[in-house]
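Subject: Structure handover

Hello,

The structure for your files follows. My notes on what was found in it come after.

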Amino acid sequence: MSDANATAIRRPDLSEKRIRRRYAAERRFRFYGMLAVGLAIAMLAVLLISICGRGYSAFYRTEIALDVVLDPAVITPEGRNDADTLAAADYQGLVKESLKTAFPDVTSRGERKNLYALVSNGAGDTIRQAVLADPAIVGGTQRFWVAAADDIDMLNKGFIKRDVAEAERVVPDKQIAWFDALAGKGQVHSTLNTTFLSAGDSREPEQAGILGALMGTIFTMLVTVLLALPLGVMSAIYLEEFAPKNRLTEIIEVNINNLAAVPSIVFGLLGLAVLLGVFGLPRSAPLVGGMVLALMTLPTIIIATRAALKAVPPSIREAAYGIGASSLQVVTHHVLPLATPGIMTGAIIGLARALGESAPLLMIGMVAFIVDVPHGPNDPATVLPVQIYLWADSPERAFVEKTSAGIMVLLAFLISMNAIAIFVRRRFERRW
């Protein structure tokens, strides 16, 4: 064999058969990609449909109309009608008297207990608020729409089936008969559950609301943003633009990358030991929760900000230096505005992770049962992920819909945060 033949150039196979195979492989690749995207969208749709299907019913509730006699002997004993006396009256007892009047044939103690269980334990609060708003109604008979008990609410919504044996459901036949009698008289209806959107947590499902956890989440995320975003951005700017490249900065960079992968509960232990143990900050407060989440979010923001700064073309810096700008002016007037979209992307990722965290907050006491709605970052509070966890751990059937509804509120809050961040990113986005 001659040297010319040995070194002959191998020509590619350009036959029609090979070209057809290549085009077929390309079509299969596109199909697999479209199939993967379709499966991802389908699974997301199944998740959202499952959550909304279980949780939408929490946004309305069953109410029962009762004709309540506002007995002055109970509400204003000894003729006293000051605010404290009106507020301390036994309004739940008046509700029970109204039920006894509506069903006079119920006489035994056990049956009356089941009769009283038709309405919520907080039904008396509805009457109390009406009397405090207008004391002149005392002495008359008023019709009040009060919340039904959680089991009756589940029965009316169809989650408790009527066609199963009485021993297999929590609502006995007599309660169903009494409820149907009230419904036949037009004393039952479904209405918007304003309590869910305007109240704090409660041991009674029909009285439990999401507002306390929502406000706690807002205060916690405000503290997180105010601490993590400026500190993370300034740290990244210093490390990327001003810090000398030496052994110390290399160690700092390695530790920042390692901190981004540390389990979140470690930051909770840090907050418990340092913020609560050493500095004595208030337990179960959004201030401490925000500080812990800020520590957890800082590495993500720093890494994303440095990547955004590196993505700015060097020609931008060189042009700025060429017209006499200082290093600070180059960064603040030219580099940082161009890197803002990337910085906001990193902030979205970091804050979204922080919003869904519950483990570090459990360590600092934000798992406590909080009834009152917080009015500031120092008030005891919980957050939406922890509230969802608490409701999911409750045995009552009515808390199942509360859990899914809480997830819907959390997703809406997350989408709102992302929408704001995307708006800011688009506002500062430039092309070069």
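In which helix is the place of Ser 98? Ser 98 lies in helix α5, which covers residues 91-102; helices here are DSSP runs of H or I with at least four residues, strands are runs of E with at least two, and both are numbered from the N terminus.

Before the rest, the conditions. This is a predicted model, in which local features need pLDDT of at least 70 and side-chain atom pairs count only at pLDDT 80 or more, while totals for chains, interfaces and linings use all residues. Residues are numbered from 1 along each chain as its sequence is written, and side-chain values use heavy atoms, with hydrogens and water left out.

Back to Ser 98. Ser 98 counts as buried because its relative accessibility is 6% (buried is under 20% relative accessible area, exposed over 50%, partly exposed in between, with a 1.4 Å probe and protein chains only). Leaving aside residues up to four places away in sequence, Ser 98 touches Leu 66, Asp 67 and Val 68, where contact means heavy atoms within 4.5 Å. From Ser 98 to Lys 113 there are 15 residues in sequence and 14 Å in space, C-alpha to C-alpha.

Next, the strands. Strand β1 spans residues 60-69, and seven of its 10 residues are buried. β1 runs antiparallel to strand β2 (residues 141-147), with seven bridges between them; two strands pair if DSSP finds at least two bridges. In that pairing, Asp 67 stands opposite Arg 143 of β2. β1 is also antiparallel to strand β3 (residues 188-192), joined by five bridges, and Thr 62 has Ser 190 of β3 opposite.

For the protein overall:

- Secondary structure amounts to 19 helices and three strands.
- The radius of gyration is 32 Å, whereas a compact globule of 432 residues would have one near 22 Å (taken over C-alpha atoms; the globule rule is 2.2 Å times the number of residues to the power 0.38).
- Along the principal axes, the C-alpha atoms fill a box of roughly 115 × 65 × 35 Å.
- Buried residues make up 39% of the 432.
- Of the contacts between residues at least 6 apart in sequence, 77% join residues at least 24 apart.
- Accessible surface is about 23,800 Å², with 61% of this belonging to carbon and sulfur atoms (Shrake-Rupley method, 1.4 Å probe).

Regards
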